[in-house]
Amino acid sequence: MSGNKVLELKDVNKSFGSKHVINNLSLSLNKGEILSIIGPSGAGKTTLMRIIAGLEKADSGHFFHYGQEFDPAMRENHLVGMVFQDYNLFPNLTVEQNITLAPIMVNKLDQKKAADLATQVMQQLEISGLAKSYPYQLSGGQKQRVAIARALLMKPEILCYDEPTSALDPSLVNKVKKIFFDLKKKGVTQIVITHDHDFGKAVADKILDVKAAGNFEK
Amino acid sequence: MINYIISILPSLFSGAVLTIEIFFWTTVVSLPLGLFVGFGLLSKMKILKGVLRFYVWVIRGTPLLLQLIFIFYGLPTVGIVFPRYEAALIAFIINYAAYFAEIFRGGLQAIPTGQIEAARVLGLSPWQTLYKIIRPQVFKIVLPSIGNELINLVKDSSLVYVIGLGDLLRAGNVATARDVSLVPLVLVGVVYLAMTAILTYVLRKVEKRSNVWK
């Protein structure tokens, strides 16, 4: 078993009722690689991502992290961060609170340290001025970067994005590309679902093309 | 006239104290109870859910007045006796908890699952999610409906006169019958208005505070 893969899936299956969504899928990713999952909607892209993020349970299959089998559904793993399609920011918290909530509550960082980390990441993502804003005051692109910052502060080894460019205008898409490449340099492995083939191909080291339901092709 | 008003005020105020007591205890007990029942209504345990649904159906489907009479005059016929005040509190708490439960159930259902999933991917425990994410959002959603019910409660408390408790309305009624005067009843109305005005003011303040986010 290859011990240098940050993530390896073996024979993963998932169906909803009689509908096979994922059929004997296997794939592997090295540290820092970017995987684009492209294909028509309803083909199981999001389901696959939700399984990797632990939000959905596979019917069968094995998951390995550097050769060690693990269960993505275990909350304690902290392996995967996720940027949701509609961001799912917490509306009752400010941007800074959104970003520091999990580091403080889950990683037991003290408030000051978490805020310092948040400031750094917000600077990188050019959202420094928004710390005290609430999500409803942000544009789509800003919300997305907050969601990325929120995921990053938990230092995930793998960061998943569901349709990161669908709500953005073209100038912002380039900014997102830059974020991808910056994170890649830092060794973050990234998985991105996209309808946008150009974007998917431009950022990807590997492409997973989902032709139709249950039929994954590399 | 002024002297007459001053002479009946003490009895009205002592009636108002009982009204406030019923309001206070009903609120303090039935709100948390309603929250628990609200969670129960969303439970996956079929039996629990069925029992709670039945409770809400019965309580919301029958008059509070009937429930009061049932508990104070009806239950003693099968050997269960409550003093007046306790009977009133039990009836009000059971009644209002049912309404609050439905309000909380609606509030909990209004939270998008994406919020809970985002919390889960970040590694938050269910309790942390409940406390930091769900609670504040539900609170904001239910606040106007809860406020409505609380204002109803101030006025509903007058129903206790039927089991012989000396609340504000009864105090005014007694004075009107004794003195053949409309003044006590007008004063009773003024006191109710004052109480609901204060409550409305407090509720508005609380709502305003939760309006910093949308």
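The questions and answers below walk a new reader through a predicted model with chains A and B.

Visitor: In chain A, where is confidence lowest, and where is it highest?
Guide: The mean pLDDT of chain A is 89, and 94% of its residues reach 70 or more. Where pLDDT is low, the predicted coordinates should not be read in detail. Within chain A, confidence falls to its lowest mean, 55, in strand β10 (residues 215-217), and it is highest, at 96, in helix α2 (residues 95-105).

Visitor: In what order do the four strands of the open sheet in chain A stand?
Guide: Strands of a sheet pair through backbone hydrogen bonds, either parallel or antiparallel. In this open sheet of chain A the pairing is antiparallel, and the order is β2-β1-β4-β5. The edge strands, each of which pairs on one side only, are β2 (19-30) and β5 (68-69) of chain A.

Visitor: What is the phi of A:Asn24?
Guide: Most residues other than glycine have a negative phi, and most peptide bonds are trans. A:Asn24, which lies in strand β2 of chain A, is not a glycine and yet has a positive phi, with a value of about 45 degrees.

Visitor: How many residues of strand β7 (residues 158-162) of chain A are buried?
Guide: In a regular strand the side chains alternate between the two faces of the sheet. In β7(A), A:Ile158, A:Cys160 and A:Asp162 point one way while A:Leu159 and A:Tyr161 point the other way, and all are buried. The strand is therefore described as mostly covered, with the number of buried residues being five of its five.

Visitor: Which residue of β8(A) stands opposite A:Ile158?
Guide: Strand β6 (residues 80-83) of chain A runs parallel to β7(A) and is joined to it by four bridges, with A:Val80 opposite A:Ile158. Strand β8 (residues 189-194) of chain A also runs parallel to β7(A), through five bridges. In β8(A), the residue that stands opposite A:Ile158 is A:Thr189.

Visitor: Is A:Glu163 buried or exposed?
Guide: A:Glu163 is found in the loop between β7 and α5 of chain A, and its phi is near 50 degrees, a positive value in a residue other than glycine. Its relative accessibility is 6%, and because buried means under 20%, A:Glu163 counts as buried.

Visitor: How many helices are there in chain B?
Guide: Along its principal axes the C-alpha trace of chain B spans about 70 × 50 × 20 Å, and of its 214 residues 45% count as buried. Read along the sequence, chain B follows the pattern α-α-α-α-α-α-α-α. There are zero strands in chain B, and the number of helices is eight.

Visitor: Is B:Trp25 buried or partly exposed?
Guide: B:Trp25 is found in helix α1 (residues 2-41) of chain B, and together with B:Phe24, B:Val28, B:Val29 and B:Leu33 it makes a nonpolar surface patch of about 420 Å². Its relative accessibility is 40%, and because values between 20% and 50% fall in the middle class, B:Trp25 counts as partly exposed.

Conventions
Residues are numbered from 1 along each chain as its sequence is written. Chains are lettered from A and ligands numbered from 1 in the order in which they are written. This is a predicted model: local features need pLDDT of at least 70, side-chain atom pairs count only at pLDDT 80 or more; totals for chains, interfaces and linings use all residues. Side-chain values use heavy atoms; hydrogens and water are left out. pLDDT is the predictor's confidence in each residue, from 0 to 100. Helices (H or I, at least four residues) and strands (E, at least two) are DSSP runs, numbered from the N terminus. Patches are made of residues with over 30% relative accessible area and no salt bridge: like charges are joined within 9 Å, nonpolar side chains (Val, Leu, Ile, Met, Phe, Trp, Tyr) within 5 Å. Accessible areas come from the Shrake-Rupley method with a 1.4 Å probe; for residues, only the protein chains shown count as cover. A salt bridge is a side-chain nitrogen of Lys or Arg within 4 Å of a carboxyl oxygen of Asp or Glu. Buried means under 20% relative accessible area, exposed over 50%, partly exposed in between (1.4 Å probe, protein chains only). Two strands pair if DSSP finds at least two bridges between them.
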